[in-house]
Amino acid sequence: MSEPVTSSDGAAATGARSGRAVSMADVARLAGVSRQTVSRVVNGQSCVVEETRKRVMEAMDELGFYPSFAGRSLRGGKYGCIGLCMFDITRAGNVATLDGIVSAARDCKYAVTLVEFDEGGPVRLRDVARRLAELPVDGMVFNTNRAVEDFEEFEPLQGLPTIIISMKEHPRCTTIDSDQYGCSTMVVDYLRERGHRHIRHLAGPAGSITADFRLQGWRDALDTAGLEAVEPLRGDWTADSGYELGAKLARDEEMTALYVANDQMAMGAMTALRIHGRRVPEDVSVVGVDDSLQGMVPHNTLTTVRFDLRERGRRTFDQFFAQVSGEGSVDAIRLPGEIIERSTVARRA
């Protein structure tokens, strides 16, 4: 099999017929159209009738001709590709965010190049930016739901717009995230309106930006209301840790409401509370975050906060595309959640 080559038209070909470079002119001759028509088809322009487009595509397939990133970049100054780096792509929230980015990119005829942060050592945005800059991308997005060493000091690379998915604001990059702080103040207000004054918190792990902002929102909301913030326990996002810590919290007889940093820990905590004689919601009301149990837990009763993470992904790409188009500015965007009421919260007299 012959090696792929790049034609003078800025497109790659395998030379399926003769072993030589295949050009747009070759495709045009075989399809019986002009070279300009072939160029329009290659660049996805809509001003080509479907029958002609089909004939050109068939000629391209027969000759082994396909457009290359390099050629498109030389002609238009853009690769049509966004670089994306995330922690742990298997997490449900990251999957939904990725889906939103990919769908928005598809609408703009963009591709996505995905890499994962290396968690084997210190994480630095500068290192990942240099890695992505070696690839054919027009800019980059970092999903930093964990701490990175050089967040404040990071300088986006010249000519490569950079968006950071993070609750933390950045002086030189637009940041966007679900409002992890605001969701906690909303939950505390929701519970207070239902008569609760002893509202405990089961937090996520130390070092998690998401967990820290949710914890701070809870603490500040209680402080504003003049209520005591009993020092929270920290889990590791799993239902097992929620169960273990829920068993400890069951001994807190003053507690009337428990705000848990995610739904998995909330489910574990509710199981432990019930086993230790605390009824939910009659004795202790419980609220989670993420609304991640639908379709996984039958007859899901948990009241929770829902974030539209797919929309977060779409909005992230929109910000990237605006900057690539020269229209964006540095901003801090926070997307609010909504409380999904089920049956784990009761009113207090």
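Rings of Phe, Tyr and Trp (for Trp, the six-membered ring) are paired here if their centres lie within 6.5 Å, and planes under 30 degrees apart count as stacked, over 60 as edge-to-face and the rest as tilted. The model is predicted, so that local features need pLDDT of at least 70 and side-chain atom pairs count only at pLDDT 80 or more, while totals for chains, interfaces and linings use all residues. Residues are numbered from 1 along each chain as its sequence is written, and side-chain values use heavy atoms, with hydrogens and water left out.

View A. The structure holds eight aromatic pairs. In one of them, the ring centres of Phe317 and Phe321 are 6.0 Å apart with the planes at 20°, so this pair is stacked. Phe317 is buried at 0% relative accessibility, whereas Phe321, at 29%, is partly exposed (buried means under 20% relative accessible area, exposed over 50% and partly exposed in between, with a 1.4 Å probe and protein chains only).

**View B. The phenylalanine cluster, and a lysine over a ring.** Phe87, Phe117, Phe142 and Phe154 are linked into a cluster by ring pairs. The charged end of Lys168 sits over the ring of Phe151, 4.8 Å from its centre, a description that requires NZ of Lys or CZ of Arg within 6 Å of the ring centre and within 35 degrees of the ring normal.

**View C. Packing of H5 against H11.** Helix H5 (residues 92-107) packs on H11 with the axes 7 Å apart and at an angle of about 45°, where axes are lines fitted to C-alpha atoms, for helices over the stretch in contact, and angles run from 0 to 180 degrees between N-to-C directions. Residues that meet across this packing include Gly93, Ala96 and Ile101 in H5 and Gly313, Thr316 and Phe317 in H11.

View D. Thr316 is buried, with a relative accessible area of 1%. Apart from its neighbours within four places in sequence, Thr316 is in contact with Ile101, Val141, Ile163, Ile165 and Ile176, contact meaning heavy atoms within 4.5 Å.

Note on methods
Helices (H or I, at least four residues) and strands (E, at least two) are DSSP runs, numbered from the N terminus.
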